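Subject: Handing over a structure, with notes on what it contains

Dear colleague,

I am passing on to you the structure we spoke about, and below it you will find my notes. Please read them with the structure open beside you.

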Amino acid sequence: MDYTRYFSRVSKNRKFSWLREYAKLLQDLPPGTVFLAGGVPNTTQFPFVEAKFTLRDGSTIAIDPKLMSQSLQYGATEGVPALRKKLEEMVSRYHGVNEERMEKSEVLVLPGSQFGLAMALEAMLNNGSYLIIEEHAYPGVLSAVNPYNPKYLPVKVDGDGMIPDSLREVLSPWKAEEIRDSDGLVPKVLYICPSGGNPTGSSLTEERKQEIYHIAQEYNLLIIEDDPYFFIQFRDILLLELLNKWGWEGFDEHVRQVRCFYQSQRDIMLAATQKHLSGLVEWYIPKGGMFLWMKVPQLKDTYEMIMERGLAHGIVLVPGRPFCPGGQNHPSQYLRASFSLATKDEMDQVCLCVLVTV
Ligand SMILES: Cc1ncc(COP(=O)(O)O)c(C=O)c1O
């Protein structure tokens, strides 16, 4: 896929780094090659030699000296090749991408989603560009893009994620053919969190995914899909070793256990909310992730309730303001409660506190 149309002016000016391309050679040098080309640290000077990680079931993953030097040494910018291959297999296995499309894929290994998102969005935005986004969105993205003074186009969300009709509504000032090939100031990029959204907890249904995809095709929009709650994330060599050790079946079993844990936490949170706050707050049942997103219709803004009265009661929640694209100082009737860590008693306590502080 050619992304040039979507690139910002700065990105269009970027050229590849010749030295980084050359560094790829390091990965497959035949034995006996004399290498005086790179600014590459000598592995004998690394402080770490080997490591052993113990998993919850008592089994271990050993990082032997060879793997350790490889993991601490410079490598290809895109990530360790064997891990990239494994991740391509993962995308193919869990997202149903067939092999023909997979060949064209470009998997990059990055130190976390936040970094990847910031890089991807910054590569696309000029000062004042449009950004289509869910009406309540992950604040990490907002803080990455706010310095570009984007024109946010917020799309409504319900329990099944972004609402396609609202997306059409947001795009209605333009005709599809005006946007499709335009190089000018038109909406080109759609940011979306499809599973267990942060903060809404909503997940897109299959039909909605299709509908949004078709709208994006019609208007030639680039979809930046932020899906941190689809799987749990680790890092390069360790992740590779873990995947090798578990195999896909072991990985599936681990994901199943983690999903059951968070689902049970969610159910305890929902029961507490139902018991103490029914009639006072509104919510959708979270379909994934770690958050319950509540609306307090009685209040114009939850900020004081949480930042003053709530904190004074020893309860920490997040007010809705920071999740509003372009309106982080504007009143919001929402609040976010994370159910990942709290015990049942703590959840009851939080709900009772909301009851008192509203
Ligand atoms: C929707 C969303 N995207 C990205 C991130 C950042 O993930 P990472 O810790 O991998 O940078 C988070 C973390 O809370 C998130 O909720």
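One term is needed before anything else: a polar contact here is a pair of N or O atoms within 3.5 Å, and within protein one of the two must be able to donate a hydrogen while the other must be able to accept it. Please also keep in mind throughout that this is a predicted model.

The term applies to threonine 302, whose side chain reaches the backbone nitrogen of glycine 320 at 3.5 Å. Threonine 302 sits in the loop that runs between β10 (291-295) and α12 (303-312), and because its relative accessible area is 0%, it is buried. Apart from its neighbours within four places in sequence, threonine 302 is in contact with Val296, Pro319 and Gly320, and also with Ser332, Gln333, Tyr334 and Leu335.

To step back to the chain, there are 13 helices and twelve strands in it, and its C-alpha trace spans about 75 × 60 × 35 Å along the principal axes. Of the 358 residues, 42% are buried, and among the contacts with a separation of 6 or more, 67% are between residues 24 or more positions apart. The chain exposes about 20,400 Å², of which carbon and sulfur atoms supply 54%. As for charge, there are 37 positive and 44 negative side chains, and the centres of these two sets lie 3 Å apart.

The model also holds a ligand, and the residues that surround this ligand are Gly112, Ser113, Gln114, Leu117, Tyr138, Cys193, Asn198, Asp226, Pro228 and Tyr229. A polar backbone atom of serine 113 is 2.8 Å from an oxygen atom of the ligand, and a backbone N or O atom of glutamine 114 likewise lies 2.8 Å from a ligand oxygen atom. Tyrosine 229 takes part through its side chain, where an N or O atom is 2.7 Å from an oxygen atom of the ligand. Taken alone, the ligand exposes 400 Å², and the protein buries 73% of that.

Leucine 87 has its place in helix α4 (residues 81-95), and its relative accessibility is 15%, so it counts as buried. If residues up to four places away in sequence are not counted, leucine 87 touches Val107, Val109 and Leu239; from leucine 108 it is 21 residues apart in sequence and 9.1 Å apart in space, C-alpha to C-alpha. Arginine 266 lies in helix α11 (residues 236-277), and it counts as buried too, because its relative accessibility is 17% and the cut-off for buried is under 20%. Leaving aside neighbours within four places in sequence, arginine 266 is in contact with Ile285, Pro286 and Phe339.

Finally, is asparagine 220 buried or partly exposed? Asparagine 220 is partly exposed, because its relative accessible area is 25%, and it is placed in the loop between α10 (206-219) and β8 (222-225). Not counting residues up to four places away in sequence, asparagine 220 touches Arg5, Tyr6, Arg180, Asp181 and Lys188. Asparagine 220 and histidine 276 are 56 residues apart in sequence, and their C-alpha atoms are 46 Å apart in space.

With kind regards

Technical notes
Residues numbered from 1 in each chain as written. Predicted model: local features only at pLDDT ≥ 70, side-chain atom pairs only at ≥ 80, totals over all residues. Heavy atoms only, no water. Helix = DSSP H or I, 4+ residues; strand = E, 2+ residues; numbered from the N terminus. Buried < 20%, exposed > 50% of the residue type's maximum accessible area, 1.4 Å probe, protein only. Contact = heavy atoms within 4.5 Å. Areas by Shrake-Rupley, 256 points an atom, 1.4 Å probe, with all protein chains shown as cover. Lys, Arg positive; Asp, Glu negative; His and termini not counted. Charge placed at Lys NZ, Arg CZ, Asp CG, Glu CD. Near = heavy atom within 4 Å.
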